[in-house]
Amino acid sequence: MEEDNFFYTKILNSSLTTNQRYYSFYKTFAQHRIFNVFYPAELILSYYTLILVVLGTICNSISFIIMNARKMRNYSCMKILSVLSIVDTLVLYQWNLNTFFKYNLSSAPNFEDLEEISIVWCRLISFLAFSTLQISSWLLALVSFDRVMGVHSTCWTHQMARSKKLYTLIICICVFILVLNSHLLVFNGFYEEITDPETNQIHRSIVCYESKWDENYIFPKWETVHLFMYNAIPFMIMLVCNFLIIYNVKYMRRVKSFNKKSDKRKKRMTLMLILVTCTFMVLTLPSVIVHTFYRETLSDKPYRRLVNLIVNNLVHTSHAINFFLYIFSAPNFRAEFKQFFSEFMSKFGSNRQPQNNQRTQLKAEKSNSNKKSMFTSIHLTKSDQNKQSYI
C-alpha cells in the first residue's frame, strides 16, 4: 500500500520535467498513460496487434483450406501444418486483443485488462495463451521431425500419410500440454479488497497472474517452465532436425537418383519447412533473451512496456505470416492457392452475374415501356391532327 501511495502522489505532481518523465517508472497503467514519454510509441504498436489478428486470421484460414486440398493432404507434413494454422489463429487472439483493449478501449476507473473482467476471464485467457503458444512450437518441432524421418525412410511417409497415427500423435501432444497448463484454471488469480482512504469504501479488484499464496506464481516461476516448453526444447529439436535435413539434401546432390521428380518435391518441401522453422526461431529469440536475461534489469525501467511490446509483437508475427512463407517457398502451395483464388473469383463473379442480368432486364423493360409511351403519344397527336383537319 505504501508503494501505491508513493506512485499515486507522483501522478498529482504535474510539474515533472522531461528528464524526470524519462527516468520515472509508473506502476499503474493509468499513470504510465499520462506521463511516460514512450506511451505514443506503445500506442502505435498497439494498432499493429489488431492488424496481426485480422491478417493472421485471414491468412491462416486460407492456409488451412489449401492444406486440406486433395493434392496437399496426402503429405503428412501438410496435415500437421493444417492443424498448426488453427492453433496459430488461436494464439493471435489472447495477448493481441488484450493489448489493443488496454491501450485503446480501457478506462482507468474500470478494469484496464481483459483479465480483470472476472476470475474466469483471467484464468481462461492465461490458460489459452500459454497452451496455444506451446502447442504451436511443438507442432513445428513435429513437422521438422516428420521431414527428417520422411527423407530417411519412405516407409515412415506412407504410414503417417495414410493412417491415423499422425493425428493420434498430434492429439497426444495437445492433451499433454493442456494438462500441463491446467493448474492455471484453478490457482491463477484472486480477488483483492482495497479500501478507499477518502470514502472508506471497500473496492473488490482482480489480481491476475498471481496466486493468493505466491506473487511469483506466474512471473517468473511458470514463465521459466513456459520458456523451456515454448522455446528451449522445441528449438533444440528444430535445430537438430534442420541440420540433418540439410546434410541429407547435400548428400542427395552427390548421389544420382532415378526418381528426379520425387527428389525435387522433397527438396522444395524441405526448403519450405526449414524457412518456416528458422523464421519462427529468429522472431521468438528476442523474447527469450529479454525474458531470460533482462527481466530484472527492465523491471523498473520506463521503457519496460515498450520493450515487451516489441518482442511480443515479433513473437506473434511468427504465428501470422506462415502463409506468405508457404507462397514464397512452396510451388505446390502456390499452385493450389492460384486455383483456389480463381475458383473463388469465379463463384463471386457467378453470384454477381444474375444481379447484372436482372439489372439489364429492368433497363430493357424500362426502355421498351418508354418506346411504347412515345409511340402512343405520337399516334395520339396524329389522330388529333386528322380530327382537326376533318373538322
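Trainee: What distance does helix 13 reach from its first C-alpha to its last?

Mentor: This is a predicted model, in which local features need pLDDT of at least 70 and side-chain atom pairs count only at pLDDT 80 or more, while totals for chains, interfaces and linings use all residues. Residues are numbered from 1 along each chain as its sequence is written, and side-chain values use heavy atoms, with hydrogens and water left out. Helices are DSSP runs (H or I, at least four residues), numbered from the N terminus, and the expected span is 1.5 Å times one less than the number of residues. Helix 13 covers residues 304–317, and against the 20 Å expected for its 14 residues, its reach is close, at 20 Å.

Trainee: Which residues of helix 13 are buried?

Mentor: Buried means under 20% relative accessible area, exposed means over 50%, and partly exposed lies in between (1.4 Å probe, protein chains only). By that rule the buried residues of helix 13 are R305, L306, L309, V311, N312, N313, V315, H316 and T317.

Trainee: How many of the residues of helix 6 are buried?

Mentor: Helix 6 runs over residues 119–152 and reaches 50 Å, close to the 50 Å expected. This helix is largely enclosed by the rest of the structure, because the buried residues number 26 of the 34.

Trainee: Where does L124 lie, and is L124 buried or partly exposed?

Mentor: L124 belongs to helix 6. Its relative accessibility is 39%, so L124 counts as partly exposed.

Trainee: What accessible area does the nonpolar patch with L124 have together?

Mentor: A patch is made of residues with over 30% relative accessible area and no salt bridge; like charges are joined within 9 Å and nonpolar side chains (Val, Leu, Ile, Met, Phe, Trp, Tyr) within 5 Å. Areas come from the Shrake-Rupley method with a 1.4 Å probe, and for residues only the protein chains shown count as cover. The patch on the surface consists of V120, L124, L128, L185, V186, F187 and W213, and their accessible area together is about 700 Å².

Trainee: Which elements give two or more residues to the nonpolar patch?

Mentor: Two elements meet that condition: helix 6 and helix 9 (184–187).

Trainee: How many salt bridges are there, and which residue does E223 pair with?

Mentor: A salt bridge is a side-chain nitrogen of Lys or Arg within 4 Å of a carboxyl oxygen of Asp or Glu, and the count is 3. In one of them, the closest N and O atoms are 2.6 Å apart, and E223 pairs with R295.

Trainee: What is the distance between N and O in the salt bridge of D113 and K102?

Mentor: D113 lies in the loop between helix 5 (76–104) and helix 6 and K102 in helix 5, so the pair ties together parts 11 residues apart in sequence. Both residues are buried. The distance from N to O is 3.6 Å.

Trainee: Which residues does N60 touch, not counting residues up to four places away in sequence?

Mentor: N60 is placed in helix 4 (residues 39–67) and counts as buried at 2% relative accessibility. With contact taken as heavy atoms within 4.5 Å, N60 touches S85, D88, T89, L92 and H319.
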